Amino acid sequence: MEVRVKRPLTVDEYAKEGMEMLKYYESGPWPSHVAELKKSKYPIEAYAAGLAARKTMWAAGSAKIRYVYTGFIARRTRDGKIAELHFRVWQPSGYLYSTEKLRKLVDFADKYGLGLIELAGQQGQMIISVRPEVADEAVDYLRNVVGTDIGATGDTIRELAACVGPALCEFALYNTLEARDKFLTHPKIYEWMSNQLFPFKFKAKFSGCPFDCTRAVHRADFGFIGVWEGAPEVDQELLRRKIEAGEVDPAKLAANCPSGAITWDGKELKIDGSRCKKSMHCIRAAFPAIKPGKKVKIAVVVGGHVKGRFGGKMGKPLAVVNSVEEAMDWVVKTVESWMEYMEKGVVKHKDRIGDFIMKVGFKKYLTEILGIKEEGKPTLHPSLRAGAVLDDEERTMWANWAGKIVEEYFGKRP
Ligand code: SF4
């Protein structure tokens, strides 16, 4: 019997099949991403082939750009016919663009790329697809005409995220935009940018309040979150009016406070500042009758990340400071030690800062690496204590606790 092996289709054959499928996506009264893509120089056949093959037709490529060591990703179609470069482009703090700047970026995408700009990723990086043959010239244009630079990929300082903060948001407790700018232009950060010197990526995020829109607690090696000391401020008169209008239920406010800091005696609402966990619940429910306190601070968290050798971690509260500059020395010491410990072989490639702290232990990190020895420091902010990178003592404590539960259910191990 003759056995016939089905030959896999070529990219062109898949593309032919896929283009038929795309007709369906262009039909109907709704906006079509295919119709929009066709207006750009995007190789729609590659997309069509991917749809028909049920796998992307793009594969990793390689490229070299003069004096650029990070910030671009090369890819090519599986048949090698089309190549493109993803340029990651540094964005302004809070992604606030002037019309002029945005127009320049659009011109850039048209002149050197496929006419496409992607606003993608948790970090808010802007991605512009560029034609490889004009990459060198494109970098010059980006720097000299647009006035920004190619961003970051790999083991370096990645795009820094700042929430829109004081530009638009009524909850902002500090100037996140200015803080990000200052962080970015710190001489050491500037020196490290654009070079792949670290064991893995480094991210910093700036959130104006505990709502933490940039997710600094979970996703930043260093996070800076606006907080306040003590209780939120209550405008009793305004609150009374809101209660009378049925906008706020004070009993519910008290019941839903996660730390039980709120009491309501039928006339006045009181908040115990020593118990307030900065959850923002009462503020969200009764703003502006309840507002953050006036004694504004910045909580610094360290070691948070999603990707890393030992899994995701929440940032560990390091200190409460008055300005981001106060913490810059710790940032520099942390990064320098992270690199040093890689040379010693303790930190491995792909260990994030949270992994590094876990390996050396949080106490040693504080006292020996950061040199924080004063009584009362670091101030572990109560609202930021949950989760985080465990130190040796905490790990033993939780391991014992878990062991006890196992013992209770399954009996003592022989
Ligand atoms: Fe506003 Fe806070 Fe979100 Fe920043 S983190 S945008 S201040 S709610």
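Predicted model: local features only at pLDDT ≥ 70, side-chain atom pairs only at ≥ 80, totals over all residues.
I started at Lys-205, which stands opposite Gly-223 in strand 8.

**Strand 7 and its neighbours**

I looked up how strand 7 pairs with strand 8 (residues 222-228), and the two run in the parallel sense over 4 bridges. Then I checked strand 6 (residues 161-162), which is also parallel to strand 7 and joined to it by 2 bridges. Here Ala-162 stands opposite Phe-206 of strand 7.

Which way do the side chains of strand 7 (residues 204-207) point? I found Ala-204 and Phe-206 on one side, with Lys-205 and Ser-207 pointing the other way.

**Ligand shell**

Next I listed what surrounds the ligand: Cys-163, Cys-169, Phe-171, Ala-172, Gly-208, Cys-209, Phe-211, Asp-212 and Cys-213. By class I get 7 nonpolar, 1 polar and 1 charged in this shell.

**Helix 4**

I moved on to helix 4 (residues 99-112), where 14 residues span 20 Å from first C-alpha to last, close to the 20 Å expected at 1.5 Å a residue. Its buried residues include Leu-105, Phe-108, Ala-109 and Tyr-112. Why do they sit on the same side of helix 4? Because they cover an arc of only 100° around the axis. An α-helix has 3.6 residues a turn, so residues three or four places apart point the same way. On the face turned away from the buried side of helix 4, I noted the exposed Thr-99, Glu-100 and Arg-103.

How values were computed. Residues numbered from 1 in each chain as written. Heavy atoms only, no water. Near = heavy atom within 4 Å. Nonpolar A, V, L, I, M, F, W, Y, C, P; charged D, E, K, R; others polar. Buried < 20%, exposed > 50% of the residue type's maximum accessible area, 1.4 Å probe, protein only. Pairing = 2+ DSSP bridges. Expected span 1.5 Å × (residues − 1). Arc of directions from axis to C-beta.
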